[in-house]
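Morning, everyone. Thanks for making the time; let me put the sequence and the model up, and then I'll walk you through them.

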Amino acid sequence: MSAASMEDARDLIRRGQDLIDEAIATIDDYATLEDAVQAYEDLTIPSIFERTLQALSISYPDLALLDIGRRGAQEATACIGVAVDEGHGAQYLVLNAIASVHFDAPHFETLLKDAATICNGSLHLRSTAGDDDANESLSTSARLLFESITSFEAILQKEGDEVALMRRFIKFYGELFEDVGGPLFAWYNLLTGLKSQSYQKLIATDATALASNLAKAPNARDMAAGAATYLRNAAQHGGSFVLSGDHIEFRLRSYKETKTRGEVVNDIFALLETLSAMSWALSNALAHAGLPVRATEPDASYMGFSAFRLASLSLEQQGTGVVDSREDPTSWAFTVASPDDVFQLGIVLGLSAPRSLAFLTVTNARDTEPVTVPLEAYQRFAEPRQGEGAPEDHLLALLELRQSCSWRGRPLLTSNDLRFATATLGLFLLLGKPEVISHVRRVMRLAESRGEAELVVLLRAAFSQFRSPEAKEKRRLASVLNDLLARSSPPCIPEANCIKVVLGPG
């Protein structure tokens with residue numbers, strides 16, 4: 001490399017530095033990925049769910065737990081080209097990290113795209129999802145996958161003999177192929193139109209035959225290739241393989257060959273890679289179609305994936321200092337060390353809580369008398385704030401929120417709130433704004449219900465001046481309303497040391 005002039009030399013130096021910077025960034029990215037995957041594989045943390053969250057926090061240190069799904073959904077949609085919800089976005093980030101270290105990352109991306117193309121474009125998705133047996137099989141296979149991985153991790157921690165460990169690897173492959181792969185292979189045969197019989201009849205077919213049949217569908221050929229049927233058969237038949245040094249001799253009637261341990265391990269990872277892509281794409285497509293497959297609460301609790309556990313971990317991640325957390329079939333309760341105002345914490349948890357709950361409470365341990373907030377009322381308040389709502393829309397939404405919230409049985413709406421609204425909306429009427437008429441009527445009803453007769457009189461006077469203005473009376477009324485405005489303050493979003501969020505209609 002030579003430079004004809006000083007400027008050329010400087011340009012070469014800049015380009016060289018850019019290459020160095022790019023290399024360093026790549027190394028740093030890979031180091032972060034390895035750290036994240038090591039966190040996921042840290043078997044000293046028994047919960048797979050908690051290891052997953054730890055891995056995500058390493059990969060995305062600047063994101064809050066409840067924001068990780070949003071980032072993942074954006075990245076997955078950009079990469080794969082299909083709509084992705086936040087739950088599957090978080091899963092995508094974990095799978096992507098693992099793929100970058102343990103799988104063939106470009107091939108895994110191809111598998112995801114092919115599987116997503118099949119699932120999202122299938123004319124048979126809804127009909128298959130309408131089959132109770134097909135639905136139940138996906139939920140069951142998720143639990144069986146968890147059981148298999150948990151059992152295998154226990155063996156990894158305790159088993160020191162390499163031969164015994166390799167034998168367990170092959171048995172593990174058989175469990176994955178049958179319990180997780182079988183239902184997925186059946187689903188994809190139906191989604192591609194390769195098979196048309198009922199799911200119940202199809203799942204009774206040999207899993208090997210279902211996997212091999214997928215090779216007939218162009219987008220599913222790589223999935224069929226990821227299923228090494230010789231390992232599935234070896235796992236099912238005793239004495240079908242012999243381990244000798246670094247080699248494994250397979251003695252099946254349909255397959256006789258010697259492979260290295262490395263080749264066998266690669267085939268095991270290839271199945272994990274294939275099933276991960278197939279499972280994720282199918283689950284995401286079903287969720288996007290409004291047909292999500294949900295784990296039963298006992299299964300979710302067993303796997304540590306319950307909504308309650310996620311809520312607890314999100315509070316811990318925010319540094320609230322969770323002092324206590326309890327759940328029963330109809331409610332959640334959390335006690336935190338901070339912050340003093342737990343209103344927003346309660347709302348955020350309420351928005352993500354299952355609708356099977358009646359209510360949840362959050363207290364900062366300094367107050368046990370909760371502010372009661374119907375979640376539906378907060379959602380009505382939040383709606384006009386999403387867009388370019390007019391000030392009077394926000395004001396009325398806030399008044400109605402405060403009227404719906406209560407403390408010791410009394411609404412949070414105060415006389416001050418009504419005075420401010422009366423003055424503001426009354427002045428808007430005097431300025432000739434017809435769009436506030438419905439707001440004024442609502443404030444009048446609120447004032448009447450609270451016995452605020454003086455405010456009702458003022459609003460009626462404003463109505464009168466809006467319809468038939470008289471200059472002298474209009475100036476007098478404007479002076480009164482301005483004085484009222486000066487003696488009041490704007491209503492604010494409620495604060496609470498203890499909040500009870502009511503999730504259901506009761």
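Here's one to start with: the charged end of Lys 433 sits over the ring of which residue? The ring belongs to Phe 428, and the charged end of Lys 433 is 4.3 Å from its centre. By "over" I mean that NZ of Lys or CZ of Arg is within 6 Å of the ring centre and within 35 degrees of the ring normal. Lys 500 does this too, over the ring of Phe 359, 4.6 Å from the centre.

Quick housekeeping. This is a predicted model, so local features need pLDDT of at least 70 and side-chain atom pairs count only at pLDDT 80 or more, while totals for chains, interfaces and linings use all residues. Residues are numbered from 1 along each chain as its sequence is written, and side-chain values use heavy atoms, with hydrogens and water left out.

Now the overview. We have 22 helices and ten strands; helices (H or I, at least four residues) and strands (E, at least two) are DSSP runs, numbered from the N terminus. Of the 506 residues, 43% are buried. Buried is under 20% relative accessible area, exposed is over 50%, and partly exposed is in between, with a 1.4 Å probe and protein chains only. Contact, when I say it, means heavy atoms within 4.5 Å. Take the contacts with a separation of 6 or more: 67% of them join residues 24 or more positions apart.

On to the inside. A nonpolar core here is a set of buried Ala, Val, Leu, Ile, Met, Phe, Trp, Tyr and Cys residues joined through side-chain atoms within 4.5 Å. The largest one has 74 residues, and Trp 187, Tyr 188, Phe 250 and Leu 282 have the most contacts inside it. Helix 8, residues 162-191, gives the most to this core, with 15 residues. If you click on Trp 187 and skip its neighbours within four places in sequence, its contacts include Leu 125, Leu 138, Tyr 199, Leu 282 and Leu 286. There's also a second, separate core of 31 residues, and Phe 334, Val 342, Val 362 and Ala 397 are among them.

Next, aromatics. How many aromatic pairs does the structure hold? Seven. Rings of Phe, Tyr and Trp (its six-membered ring) pair if their centres lie within 6.5 Å; planes under 30 degrees apart are stacked, over 60 edge-to-face, and the rest tilted. Tyr 92 and Trp 280 make a tilted pair, 6.0 Å centre to centre with 50° between the planes. That pair links distant parts of the chain: Tyr 92 is in helix 4 (residues 86-102) and Trp 280 is in helix 13 (residues 261-288), 188 residues apart. Tyr 92 is buried at 5% relative accessibility, and Trp 280 is buried at 2%. Then there's Trp 332 with Phe 334: the ring centres are 6.2 Å apart and the planes are at 80°, so that pair is edge-to-face. Trp 332 is buried at 4% and Phe 334 at 1%. And Tyr 173, Phe 177 and Phe 185 form one aromatic cluster.

Helix 22, residues 471-486, has 16 residues, so at 1.5 Å a residue it should span 22 Å, and its end C-alpha atoms are 23 Å apart, which agrees. The expected span is 1.5 Å times one less than the number of residues. The buried residues of helix 22 are Leu 477, Ala 478, Leu 481 and Leu 484. Looking down the axis, they fall within an arc of 125°, so they line one face; the arc is taken from the directions from the helix axis to the C-beta atoms. Helix 19 (415-430) and helix 21 (453-467) are among what covers them. On the other side, Ala 471, Lys 472, Arg 475 and Ala 486 are exposed.

Most residues other than glycine have a negative phi, and most peptide bonds are trans. The peptide bond from Ser 338 to Pro 339 is cis, with omega near 0°, and Pro 339 is in the loop between strand 5 (331-336) and helix 16 (343-352). Arg 408 isn't a glycine, yet has a positive phi of about 55°. You'll find Arg 408 in the loop between strand 8 (406-407) and strand 9 (410-411), exposed at 57%.

That's my tour; over to you.
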